[in-house]
Amino acid sequence: MTSLEKNFEPASAEARLYRGWEETGAFAAHPESNATPYSIMIPPPNVTGSLHVGHALTMTLQDIFTRYRRMTGRDVLWQPGTDHAGIATQMVVERLLDKEGVSRKQLGRETFLSRVWQWKAESGGAITQQLRRLGASPDWSRERFTMDEGLSTAVREVFVRLYEEGLIYQDKRLVNWDTVLQTAISDLEVEARETKGHMWHIRYPVEGGEEIIVATTRPETMLADTAVAVHPENEKFKHLIGRHVVLPLTERKIPIIADDYADPEKGTGAVKITPAHDFNDFEVGKRHGLPMPSMLDRQGRVSLAELGDDLPDFVRALEGDDRFVARKKIVAELEVLELLVEVKPHPHTVPHGDRSGSVIEPLLTTQWYCNAWVLAQPAIKAVEEGRIKFVPQQWENTFFAWMRDIQPWCISRQLWWGHRIPAWYDESGKVYVARTAEEAQAQAQGAALTQDEDVLDTWFSSALWPFSTLGWPAQTPELAKYYPTDTLVTGFDIIFFWVARMMMMGLHFMGDVPFRTVYIHGLVRDEKGQKMSKSKGNVLDPLTLIDDYGADALRYSVAAAAGQGRDVKLGAKIVESNRGFITKIWNAARFLEMNGVKPNPDFKPETARLPLCRWILARANEAIEAATAGLDAFRPNDYANACYRFAWGDVCDWFIEFAKPGFAGEDAAEIRDTAAHVLGILLRLMHPLIPFVTEELWDHFGYGEACSLITAPWPRAEAVSDADAAADEVNWVIALISEIRTVRSEMNVPPAQKSPVLLQDASPETLARAQDWFEALSRMARVSEIGPLTGPAPKNAAQAVLGEATIILPLEGLIDLEVEKKRLAAALAKAQAELGKVTQKLANADFTARAPETVLEEHRERERNFTGEVTRLSAALARIF
């Protein structure tokens, strides 16, 4: 067997190891087995997507849970796949066609769709290869695509059944309309942008005298106003309720209505109501039975068809104008007519399409809807009864707030790429909903039919993911075994759009919840806690981080920072620093290998007799307990920290350092066997977190067959003889070395100089321990001799307390104590002054109210650091006597 290389080289090892796992079928689920299932559904990334830091976080966490459960003996299915991503994919292909000088409409629907499928075959799904780079271990043999034939069958089945139950229907309602993409889009695809706009105050004459001043950010839509609303208790306008205003420009009469939506404290207290062009106004219009004419077409141009025939010439001349051109003309005309009272700067949020960048237009159109309120009730009940648990639990409140105020779900999109709605129309417009064109034709009894042009919202097919991927509507062995799934890992931003809809569909069609636990993680932010964005230039590419530092370092970085309810801070420096942890483990393994450590299958931990060996075996048990508890409680940071403390602290800093002379002594066999056993535990314990380096070391040391760590059993605590006594002894030595090191560091004792140590009031047992461990104390704490204090305490010394004993370090001749006192006093004064400044700033209410959260967190961190420094320096001065 060749020796370990000096350095672990992720670039060459990762691809080789991953290929080995795939070739040995390590990721595969086994529905035929009797093992208890554990299933987890991958949130399907867009087929157009590339790996970003959000993926790096969520996929790492899912892989940690997956690998852990696999090692505990569960039959694991981590279901992979990609989403067809209607708008995103159609845009990608349309951009390619633009370069060829041809449009989608010139090609026609069928030819265009064939081009999309061609693109998908050639370029789509790159993200699944990138997930392999991260070390993700789903069962790739079961990879699904939301538009593959099986899932398409499920989508049609669900649509037809819901239609037959009256839960899918057509209706005319307001939607988010993208005038560039020419389709309705979901709220998730709408980006609210801060805009420096204006508030126009317009005079609306009241019929018979008086006037009402109306304030609006959208004067162009006044052409379609159908009422002016005031609050019923608004004394200023109460007497006008029931009367009419003459709508400026159009000269139509519209009523003044009473509605709580009009806030007396906001604007002028009177609100123009345009039901066809504002979501709030639409609800007011429904409450009062108002007409709902549109004055814009699907391109965002003025359309007067629904405003009647008797229109003034000025209004008629606006026909076909872009909405923003019309705004300027209308404002100018109002000014001429002396109806424009004033214009005020008004910063406000304006909805934009996240892909097109265009201003979103609320548009009244006929679309297909799903009765989400009916479907939501069983989902709400499932969470209330604890059949689905959110972790952290506070996300239940967000879920309930959304679900209890749920609106009809617009499920149709004006696209070509997607699941085409299985509805056909005859010449009279009668609709026939069926699973196939043949079924529809049979219903129509031979009438000529045309299929609906629209496709379904991408979230519709995604909502079926937990059961459609398992073969539904067929009753497959996979469906029987792996549904309901165990865990869903996702971000909070899609609780409503995806998580809630999977609950609704799963409960309706499967009669059971789709998952038992929803683990919600935070966002990935930069090192300063700022949200990543291209404009800030702080976006990280996870593939670059993997290239530079290895997948294990990236995985460890995101998991260690993933505390429940907290966002994850990530930067190149953090990943680079954590690469040092991977290197530490590798170097420790190399050292053990050089000292003859190799697995001994006959070693039994209970036979260990050396205190050091018994101590590290007991610490291994504690690490197993802490790591397991962290994983079971969905606390990946606790799991990562337990691994770190055990690996870097217990194993590297203490066990290996203590054991170094023992490898050449009479106890070498027990030390080697213990070291090999503990290394095996460490590699298994850390495998879900850092799979590549652990598998490489596992294979190299011969703990099992090549690429077998992934399926090795999760470590369990084992009996250790007299573990408490070993812990008392070794923990005392560690504490003694740590105290001596602290004093020497604080007093600036040169590392090369050894110093004597005196123990005051020490028991005979303590003195004996000190002699037993003198070699380690000499080597690791630079102690020249150690013994009891037999006379008065020496002057010019520093002290510390450990148990019943006082540790005294004579410093005469080692350092100039007076200079050291002055240095420490000056450092303390400086730290106290800095602490005072930052504490005063944080106590300033004006500062805390105005400062961004990132700045406040920086100041809190400084306060914590200076507080610690003051405590440390005060203790150091107190040691000197």
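Q: How many helices and strands does the protein chain have?
A: In this predicted model, the protein chain has 30 helices and 29 strands. Its C-alpha trace spans about 115 × 65 × 55 Å along the principal axes. Of the 881 residues, 54% count as buried.

Q: What makes helix H1 and helix H24 roughly perpendicular to each other?
A: Helix H1 (residues 10-23) and helix H24 (residues 691-701) pack at an angle of about 75 degrees, and their axes lie 10 Å apart. Angles of 65 to 115 degrees count as roughly perpendicular, and H1 and H24 are therefore described in that way. The residues of this contact divide into 6 nonpolar, no polar and 5 charged. On the H1 side they include Leu 17, Tyr 18 and Trp 21, which meet residues of H24, among them Pro 691 and Phe 692.

Q: Why is helix H3 called roughly perpendicular to helix H5?
A: The axes of H3 (residues 86-99) and H5 (residues 109-122) come within 10 Å and cross at roughly 100 degrees. The range for this term is 65 to 115 degrees, so H3 is roughly perpendicular to H5. By class, the contact has 7 nonpolar, 2 polar and 2 charged residues. Phe 112, Arg 115, Val 116 and Trp 119 represent H5 in this contact, and H3 contributes residues including Val 92, Val 93 and Leu 96.

Q: What makes the pair of Phe 496 and Phe 497 edge-to-face?
A: The ring centres are 5.7 Å apart and the planes stand at 75 degrees. Rings pair if their centres lie within 6.5 Å, and planes over 60 degrees apart count as edge-to-face; the pair is therefore edge-to-face. Both Phe 496 and Phe 497 are buried.

Q: Why is the pair of Tyr 644 and Trp 648 called stacked?
A: Between Tyr 644 and Trp 648 the distance is 5.6 Å centre to centre, with 25 degrees between the planes. Planes under 30 degrees apart count as stacked, so this aromatic pair is stacked. Both residues lie in helix H22 (residues 636-659), 4 residues apart, about one turn of the helix.

Q: How do you know whether Tyr 644 and Trp 648 are buried, partly exposed or exposed?
A: The relative accessible area is 32% for Tyr 644 and 25% for Trp 648. Buried means under 20%, and exposed means over 50%. Tyr 644 is therefore partly exposed, and so is Trp 648.

Q: What makes helix H17 largely enclosed by the rest of the structure?
A: In H17 (residues 495-510), 14 of the 16 residues are buried, that is, under 20% relative accessible area. The helix is therefore largely enclosed by the rest of the structure. Gly 511 follows H17 and has a positive phi, near 75 degrees.

Q: Why do strand E5 and E6 count as paired?
A: Strand E5 (residues 168-178) is joined to E6 by 3 bridges, and the two run antiparallel. At least two bridges are required for pairing, so E5 and E6 meet the criterion. Asp 178 has Thr 183 of E6 as its bridge partner.

Definitions and conventions:
Residues are numbered from 1 along each chain as its sequence is written. This is a predicted model: local features need pLDDT of at least 70, side-chain atom pairs count only at pLDDT 80 or more; totals for chains, interfaces and linings use all residues. Side-chain values use heavy atoms; hydrogens and water are left out. Axes are lines fitted to C-alpha atoms, for helices over the stretch in contact, and angles run from 0 to 180 degrees between N-to-C directions. Angles under 35 degrees count as roughly parallel, over 145 as roughly antiparallel, 65 to 115 as roughly perpendicular and the rest as oblique. Contact means heavy atoms within 4.5 Å. Ala, Val, Leu, Ile, Met, Phe, Trp, Tyr, Cys and Pro count as nonpolar, Asp, Glu, Lys and Arg as charged, and the others, Gly among them, as polar. Rings of Phe, Tyr and Trp (its six-membered ring) pair if their centres lie within 6.5 Å; planes under 30 degrees apart count as stacked, over 60 as edge-to-face and the rest as tilted. Buried means under 20% relative accessible area, exposed over 50%, partly exposed in between (1.4 Å probe, protein chains only).
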